[in-house]
Amino acid sequence: TEACLSAAEAAAPLNAYIAMTAEQARAQAAAADARLKAGDAPAMCGIPLGIKDLFATRDVQTQAASRILEGFRPPYESSVTQNLWDAGAVMLGKLNMDEFAMGSSNETSVYGPAINPWRAQGSDAALTPGGSSGGSAAAVAADLCLAATGTDTGGSIRQPAAFTGTVGLKPTYGRCSRWGIVAFASSLDQAGPMTKSVRDAAIMLGAMAGHDPKDSTSADIPVPDFEAALTGDIRGKKIGIPKEYRVDGMPAEIEKLWSDGAAMLRDAGAEIVDISLPHTKYALPAYYVIAPAEASSNLARYDGVRYGHRAKIRQGEGIVQMYERSRAEGFGPEVQRRVMIGAYVLSAGYYDAYYKKAQKVRTLIKRDFENVYAEGIDAILTPATPSAAFGIGEMADADPIRMYLNDVFTVTVNLAGLPGISVPTGLDARGLPLGLQLIGRPWEEADLLNTAYALE
Ligand code: GLN
């Protein structure tokens, strides 16, 4: 804990932590020491963690990296973080992220971007750690914590993991409670571990997961011993390679990473099978209708009345102006864009054309996966991202669609509610980390983690 606290202080320019909770960390670490001495050491005993700012932490600032939640200190703890503290973990502080988890580069944060600890060979240019869990990824990669929590609505755990050479797991929808996590798109959001290794991911997921009566979408399904599943034996497993993920203009180094990964799994005894997920090309447009629709509804609660930022009312103004100005001042441009898109696709005149259509596409995407799993496929191997980490400002200053294209390999998993993991498997020509994604069957994270373990 002390080593991480001082490393975090020394690494302030990375802007990974947006608040340290040193006092709480030392108290939790002392309690963990006492438990260890008493011979009662749970799975995460004394493990210092960073917590994404999307998780409500009791009496500790929780702003979802937004101005609209300025000064908000929740009087409650999220179920996932409570599970981690119950398992003996230690909270070092809150981690930077994109505002309301909307983004792929951590650049929409009110605190400014987190910085990737990696640099391209022969260059000093600052790179993004990805997003939205950019602070989590940067902190894990730079050894500013042993692991971190992340959330993944459309890739926000897996893409930052790929950009920083770390492991990121998005569990099956419903595996981890969403209670106390600031909602972005409720039917897609899922918390998961961001770690240095697959083994750490297995241990941490075991502590985070479990049924929670406070979240009606949390599944009442037993949590297996994920670590015990890590045998490395994947003989006879069928790994699917979906042809639709071979997108136009895919860099040769990503293609090579992908085929090398497949060869590695084949050498370990798995059978590599070409598969088709025909509706893949509609995933990104469907996601960028459904996620903003749910976001516009979830973010309606930020009105300047209940918590966070409230605009000053001028002479002659009423409550409506107060709502409007609080939201105009409190939400950044990307969040405002999403709220507007969401309100538009849900509006009476466009609901059928956009929102309802997107929901139908979502069903087709889910069926694509069900079909290949019914044919005996155990896991699917794809690249995690279309490129290595890009420069700060490089995409944010361009058309927002360019940023959205980053999520091309990750959003299908959220639309289908499946577990997915990003594993670092190589470096690009500039020496930057690249990751492969494995997609598993629902509720079979144990099996997925074991396949990832063989790939690591
Ligand atoms: N980059 C995606 C978005 O901006 C995913 C975000 C996420 O998973 N939270 O919506």
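The sections below take the domains, the core and the ligand shell in turn.

## Model and domains

The model is predicted. The domain assignment gives domain 1 as residues 2-234 + 421-435 + 443-455, and domain 2 as residues 302-356.

The C-alpha centres of domain 1 and domain 2 are 29 Å apart. Contacts between the two involve 13 residues of domain 1 and eleven residues of domain 2. On the side of domain 1 that touches domain 2, six residues are nonpolar, four are polar and three are charged.

## Nonpolar core

The largest nonpolar core contains 137 residues. Leu49, Ala139, Cys145, Leu438 and Leu449 have the most contacts inside this core. Helix H8, residues 283-298, gives the most to the core, with ten residues. Both domain 1 (2-234 + 421-435 + 443-455) and domain 2 (302-356) give residues to this core, so the core lies between them. In soluble globular proteins, nonpolar side chains tend to be buried together.

With neighbours within four places in sequence left aside, Cys145 is in contact with Cys4, Pro48, Leu49, Gly50, Leu92, Ala139 and Val140. Among these contacts, Leu49 and Ala139 are also listed with Cys145 as having the most contacts inside the core.

## Ligand shell

There are 13 residues around the ligand. Those that come nearest are Ala101, Ser104, Thr153, Gly154 and Ser156. By residue class, the shell divides into seven polar, four nonpolar and two charged residues.

How values were computed
Residues numbered from 1 in each chain as written. Predicted model: local features only at pLDDT ≥ 70, side-chain atom pairs only at ≥ 80, totals over all residues. Near = placed C-beta within 6 Å. Nonpolar A, V, L, I, M, F, W, Y, C, P; charged D, E, K, R; others polar. Domains from an automatic or database assignment. Contact = placed C-beta atoms within 7 Å. Core = buried A, V, L, I, M, F, W, Y, C linked by C-beta atoms within 7 Å. Buried ≥ 20, exposed ≤ 12 C-beta atoms within 10 Å, placed from the backbone. Helix = DSSP H or I, 4+ residues; strand = E, 2+ residues; numbered from the N terminus.
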